[in-house]
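Let's take a friendly walk through this structure, one region at a time. Please keep the sequence and the 3D view open as you read.

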Amino acid sequence: MTLPPFDYARPASLDEATDLLARGDARVLAGGQSLVPALAARLPGGPRPGLLVDLYAIPGLDAIEPLPDGGVRIGAMARQRTVELSPLIAQRAPLLAEATAWIGHPSTRNRGTVVGSLAYAEPAAEIPSVAVALDAVAEIAGPGGARRTATAAELLGASPATPTTPAAPQAPANPPVRRGTALTPGELIVALTIPARSAAERTAWVEHAPRRYDLPLVGVAAVVRADGTARLVFAGVGPAPVTLQLRSSAPLRGGRTTGVPAVAELRSFEGHMDPESTGVPAPDPLRARIAGTLARRALRQALRGPARTEAAHG
Amino acid sequence: MAEPRTIALTVDGERHELTVEPRDTLAEALRERCGALGVRVGCGEGHCGACTVDLDGATARSCTVLAVQADGASVRTVEGLAAPDGELHPLQQAFVTEHALQCGFCTAGMLMTAEELLRERPDADDDAIRAALSGNLCRCTGYQGILRAVRRARDEAGTGNGQGDAR
């Protein structure tokens, strides 16, 4: 329906933006693909900003740039579509390119931003979990020229999974409630930096949505390292991404894995891969079950795929 | 700052200057102020895709864009697809041929989405077509005619390029 009324500003600099955001009821407008629909829906408890601060006119915020150490820096206004198709991202952070392709639809990715998706912190969204999986660091600007950094994990309140017994039967639960990030009033994320990844690392993103291409119910990012350890990050099983560290009983074979990895190789990941439970706390048995299935699928896909340095861009 | 402000934008080649409130969406501005009634508002919340337009060269759901964000922009709507003499765009013709519409409410959004797809990927396969159109909802047709129409437009564009003389 018609949006509720609000003020609108289009600052020309970061300092102007942070000054405006220090007003308690102000919110950043980047791509608007989460915020504007939320305003239109007028859901109880939804956003009611008094002021939208549009970042569009601040120069340089849309840059995607290589870093000397082999990492990549993604500006606040870099569109999801640009990141999805970027050869630089395909080379340095293929997991991000892979997951971004699953966000929404082409017309929403044309407008939506990667940093905005992180800042909105929708529990089941792709970017927050991928940012945690890739050890991403946010550059944050605050009022009065303040600058700081924080890891995506800190900002989102990502937490490690704790071992659980198989979930007791219970009614299907409502989705996890979005709780936002640890940004303080007046702060905005200027850029997201993904540090250099190991050349031998293999990654995959898998998600399940009851309606394909819609917001996922559960998503999993898998990062498999040459030393036989793996990190899984789950979206949709809690308000914030949930991480799981796994260890294989033996280092991975060198070179590319052809065909489906041996079942033994999957089973060799000790930890919470009990068939009845992933050990991932979830709101309900359905999400726990899906999380377990997707975890196996993500590991299999990561193991089957090329090492990062071979990943083709498309 | 909640007071109305004046913006200027080009819509299907025509320049418009209008005064809007910050909360007015581009969809509303296009329909009510620029005469582009071909822009449909379905859900008004960015889910259905009926309001899809081309904004500065890329599709956008105009109900998720504030009019003030489009200040200085160039917008193309479904009304700009056909040639000035009225000749239908190949996609529009394909939609007619394949009976890809019933009530027609989703059609403008479908056409704008399909146009971008075929422009970016003239060789898009069926999976790519389905993926690209997955955000445009249709209550009438069951989608098969729409998919056939996009495939037809894709194939006819391919046939038209460089093979005419060989036949």
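A polar contact is a pair of N or O atoms within 3.5 Å; within protein, one must be able to donate a hydrogen and the other to accept it, and residues adjacent in sequence count only if both atoms are side-chain atoms. This is a predicted model, in which local features need pLDDT of at least 70, side-chain atom pairs count only at pLDDT 80 or more, and totals for chains, interfaces and linings use all residues. Residues are numbered from 1 along each chain as its sequence is written, chains are lettered from A and ligands numbered from 1 in the order in which they are written, and side-chain values use heavy atoms, leaving out hydrogens and water.

Let's begin with Thr229(A), which lies in strand 12 (residues 229-235) of chain A; strands are DSSP runs of E, at least two residues, and helices are runs of H or I, at least four, both numbered from the N terminus. The side chain of Thr229(A) makes a polar contact of 2.8 Å with that of Arg225(A). Thr229(A) has a relative accessible area of 9%, so it is buried (under 20%, with exposed over 50% and partly exposed in between; 1.4 Å probe, protein chains only).

Now turn to helix 8 (residues 126-133) of chain A, largely enclosed by the rest of the structure because 8 of its 8 residues are buried. Among them are Glu126(A), Ser129(A) and Val132(A). After the helix comes Asp135(A), with a positive phi near 60 degrees.

Finally, how many disulfides does the structure hold over all chains? There are 0, a disulfide being a pair of cysteine sulfur atoms within 2.5 Å. In chain B, the sulfur of Cys43(B) has its closest cysteine sulfur in Cys48(B), 3.9 Å away and therefore too far for a bond; Cys43(B) is partly exposed at 28%. Likewise, the sulfur of Cys103(B) lies 3.6 Å from its closest cysteine sulfur, in Cys140(B), too far for a bond, and Cys103(B) is exposed at 57%.
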